[in-house]
Amino acid sequence: MKDYLSPFTVMVNLEDGTIPKAANVQQRRLSDLRGLFADQLAEASLLTKNPVIYQVYEVGTNPPEEGHLLYSTTVIYPGKVGNEYFMTKGHYHAKADRAELYYCLQGEGYLLLQTPEGQVNAQHMTPGAATYVPPYWGHRTINSGSNNFIFLAVYPADAGYDYKTIAEKGFASIIVGQGGETKLIPNPRYQVEG
Ligand code: PAN
Ligand code: ZN
């Protein structure tokens, strides 16, 4: 007889974005994002404090196989490195054609997306925003607000992570706060191929 996975429910705490029954909790400090911020002097100086930038709570009970989904919440804390807002590392999916859905629960921020050729797209997210990450787009989230930015992400269990491409090349654009305004500007450290 077929071995069916039993349906289940896991609660997301809507106050703080945590998933108390999460199988995997990942905390990312600035040292885990070393080299990703445009202002390397500001990054080096803040590394002495090494603040927590974000936490991920993943419901990891589903097998990482085609057909299953995984889901997680991410809580990005407010803050800046230089004038660039706290953000996630960002990745392409290891299986690049796997899509994803982001749903904003609290705060405000951006989902920054990029094709392998370097075309950039920024989606503003506030509570209730359901933003689609189509196949092949690399993605990173940025907290442009003064409170926690919290969202739920749902993705194919076999999507996997390619962090290397972003670590080496970066995103073509960055999101900064300057003079009370949030701006999308070219990344001075973006590595163009060739
Ligand atoms: C998300 C991200 C999460 C953390 O669940 O993994 O927000 O970002 P990084 O993985 O870039 O550190 C997702 O996109 N999963 O596929
Ligand atoms: Zn993803």
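In the predicted model, the zinc ion (ligand 2) is coordinated by four residues: His91, His93, Glu100 and His139. The site has six donor atoms and is octahedral. Angles among these donors range from 74 to 172°. In general, the ideal angles for six octahedral donors are 90 or 180 degrees.

The donor residues follow the spacing H-x1-H-x6-E-x38-H along the sequence. Glu100 belongs to strand β6, residues 100-106, and His139 to strand β10, residues 138-143. The two are 39 residues apart in sequence, so the pair ties together parts separated by that distance along the chain. Glu100 has a relative accessible area of 5%. The cut-off for a buried residue is under 20%, so Glu100 is buried. His139 has a relative accessible area of 1% and is likewise buried.

Pro156 provides another view of the surroundings of Glu100. Pro156 is found in strand β11, which covers residues 149-156. In sequence, Pro156 and Glu100 are 56 residues apart. In space, their C-alpha atoms are 7.2 Å apart. Pro156 is in contact with His68, Leu69, Arg98 and Ala99, leaving aside its neighbours within four places in sequence. The relative accessibility of Pro156 is 18%, so this residue counts as buried.

Backbone geometry was examined next. Asn50 is not a glycine, yet its phi is positive, at about 45°. This residue sits in the loop between α1 (40-46) and β2 (52-59). Its relative accessibility is 19%, and Asn50 therefore counts as buried. That value falls under the 20% cut-off.

Tyr136 is a residue other than glycine with a positive phi, here near 80°. Its place is the loop between β9 (130-133) and β10. Tyr136 has a relative accessibility of 48% and counts as partly exposed. His139, by contrast, is buried at 1%.

Notes:
Residues are numbered from 1 along each chain as its sequence is written. Chains are lettered from A and ligands numbered from 1 in the order in which they are written. This is a predicted model: local features need pLDDT of at least 70, side-chain atom pairs count only at pLDDT 80 or more; totals for chains, interfaces and linings use all residues. Side-chain values use heavy atoms; hydrogens and water are left out. Donors are N, O and S atoms within 2.8 Å of the metal (3.2 Å for Na, K and Ca); water is not among the atoms, so sites may look incomplete. Four donors count as tetrahedral if all angles lie between 85 and 135 degrees; four count as square planar and six as octahedral if opposite donors are over 155 degrees apart and all others between 65 and 115; anything else is irregular. Helices (H or I, at least four residues) and strands (E, at least two) are DSSP runs, numbered from the N terminus. Buried means under 20% relative accessible area, exposed over 50%, partly exposed in between (1.4 Å probe, protein chains only). Contact means heavy atoms within 4.5 Å.
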